[in-house]
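I have a structure open and a notebook beside it. I'll jot down what I look up, one spot at a time.

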Amino acid sequence: MSKPFNRILLTGAAGGLGQILREALQAHAHIVRSSDIGAMTPSRGEHDEVMPCNLADKAGVAALCKDVDAIVHLGGVSVERPFEEILQANICGMFHVYEAARQHGIKRVVFASSNHVTGFYPQDVELDVHALRRPDGYYGLSKAYGEDMATFYFHRYGIETVSLRIGSSFPEPRNRRMLSTWLSYGDLEHLVARALLADKVEHTVVYGVSANRDLWWSNRHAAHLGYAPQDSSELFRAKIERLPAPATDEPGSQLQGGPFTAAGPFD
Ligand SMILES: NC(=O)c1ccc[n+]([C@@H]2O[C@H](COP(=O)([O-])OP(=O)(O)OC[C@H]3O[C@@H](n4cnc5c(N)ncnc54)[C@H](O)[C@@H]3O)[C@@H](O)[C@H]2O)c1
């Protein structure tokens, strides 16, 4: 059966979302090359390559991208941490991925950005991707920088990227905030597929969120992707609303970024 790509590189393959997408990407490529700094399950055959790599290692990332046709870049620090840790994995790592893409002629990147690039907006404000960013920490800043890098590599080198500002992608929402920010695994898989397959994306930014009732984000500027979420957090509302309500003065309870907005300082 012919597939749209011969080989897709997946970074962050050992992580929560990486484990889901390692499986799902098999539908779009003859070979999925999975990479991470952490332990990955062994290869299950020629179609399922495993190549450990630290994203901070420029030569290592260049080798990772050899004979690759598209990159799904999830690897990096995924929570708020001291700047020095974020710098290596997320900022240098992003640069290494794009330099390798340039050197190997790879024309499509799907980048796991985050809702934390706009985390300092109040929860009652609806945003689209043209809203000025308000990163809520070093992690959010690294994702904002990653989005800028994607814009640069498109205009300078023609490498197209879809940046997914993922909300909260877990098997089910865990708290009231996630009733708005939840992205189901099924919708994540569909969104990544659209990001890989849609024509002429240039650099498109899209919020990665399911069709939840109380959304904070509009994807009106990403309609060309054809992303049509099927799931909703409503299924879990009763269960979540049985949990104790957070105090309104709890850090971050009024802000889109939630607890990330109150993390640090780290000295
Ligand atoms: N899950 C979510 O709700 C969510 C929300 C917003 C954004 N994202 C982003 O999506 C991506 C995947 O998220 P996740 O929930 O699977 O996170 P995760 O932390 O489970 O996975 C990230 C993976 O990156 C790897 N990694 C970290 N530093 C590395 C380095 N220097 N070199 C190579 N690999 C390194 C880790 O070992 C880990 O396996 C991340 O980039 C995250 O920031 C996720």
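**Entry 1: a charged group by Arg237**

I started with Arg237, which is buried, with a relative accessible area of 11%. Before going on, I noted that this is a predicted model. Next I looked for a partner, and found that Arg237 forms a salt bridge with Glu234, with the closest N and O atoms 2.8 Å apart. Glu234 is partly exposed, as its relative accessible area is 30%.

**Entry 2: salt bridges elsewhere**

How many salt bridges does a search of the whole structure find? The search gave me 20. I reminded myself that side chains of opposite charge can pair when their charged atoms come close.

I picked Asp48 and Arg22 to look at. They form a salt bridge, and their closest N and O atoms are 2.9 Å apart. This pair links distant parts of the chain, since Asp48 sits in strand β3 and Arg22 in helix α1, 26 residues apart. Are the two buried or exposed? Asp48 has 0% relative accessibility, so I wrote it down as buried. Arg22 has 5% and counts as buried too.

Then I went to Glu49 and Arg33, whose side chains meet in a salt bridge at 2.7 Å, N to O. Glu49 is in strand β3 and Arg33 in strand β2, so this pair ties together parts that are 16 residues apart in sequence. Arg33 has 7% relative accessibility, so it counts as buried.

**Entry 3: Asp36, a charge with no salt bridge**

Now for Asp36, which I found in the loop between β2 (29–35) and β3 (48–50). Asp36 is buried yet has no salt bridge. Which side chain of opposite charge is nearest to Asp36? I got Arg22, and it is 9.1 Å away. A salt bridge needs the nitrogen and the carboxyl oxygen within 4 Å, so I could see why Arg22 doesn't count as a partner for Asp36 at that distance.

What does the side chain of Asp36 reach, then? It reaches the backbone nitrogen of Gly38 at 2.7 Å, and the backbone nitrogen of Ala13 at 3.2 Å. I also listed its contacts, leaving out residues up to four places away in sequence: Asp36 touches Gly12, Ala13, Ala14, Gly15, Met51, Pro52 and Cys53.

**Entry 4: around the ligand**

Asp36 turned up again when I looked at the ligand. There are 25 residues around the ligand, and those that come nearest are Asp36, Leu74, Ser78, Tyr139 and Ser169.

An oxygen atom of the ligand is 2.5 Å from an N or O atom in the side chain of Tyr139. A nitrogen atom of the ligand is 2.9 Å from an N or O atom in the side chain of Asn54. For Gly15 the backbone is involved: one of its polar backbone atoms is 3.2 Å from an oxygen atom of the ligand.

Which elements supply at least two residues each to the shell around the ligand? My list reads α1 (16–24), β5 (108–114) and α4 (138–157). The largest share, 3 residues, comes from β5.

**Entry 5: Lys143**

I moved along to Lys143, which is in helix α4. Lys143 is buried yet has no salt bridge, and the nearest side chain of opposite charge, Glu147, is 9.0 Å away. Not counting residues up to four places away in sequence, Lys143 touches Phe111, Ala112, Ser113, Ser114 and Val117.

**Entry 6: Tyr207**

Last stop: Tyr207, in strand β7 (residues 203–208). Tyr207 has a relative accessible area of 0%, so it is buried. Beyond its neighbours within four places in sequence, I found Tyr207 in contact with several residues, including Leu127, Val129, Arg165, Trp217 and Tyr227. Thr118 is also in contact with Tyr207, and the two side chains make a polar contact at 3.0 Å. I checked Leu183 as well: it is 24 residues from Tyr207 along the chain, and their C-alpha atoms are separated by 9.6 Å.

Notes. Residues numbered from 1 in each chain as written. Predicted model: local features only at pLDDT ≥ 70, side-chain atom pairs only at ≥ 80, totals over all residues. Heavy atoms only, no water. Helix = DSSP H or I, 4+ residues; strand = E, 2+ residues; numbered from the N terminus. Buried < 20%, exposed > 50% of the residue type's maximum accessible area, 1.4 Å probe, protein only. Lys, Arg positive; Asp, Glu negative; His and termini not counted. Polar contact = N/O pair within 3.5 Å; in protein donor to acceptor, adjacent residues only side chain to side chain. Contact = heavy atoms within 4.5 Å. Near = heavy atom within 4 Å.
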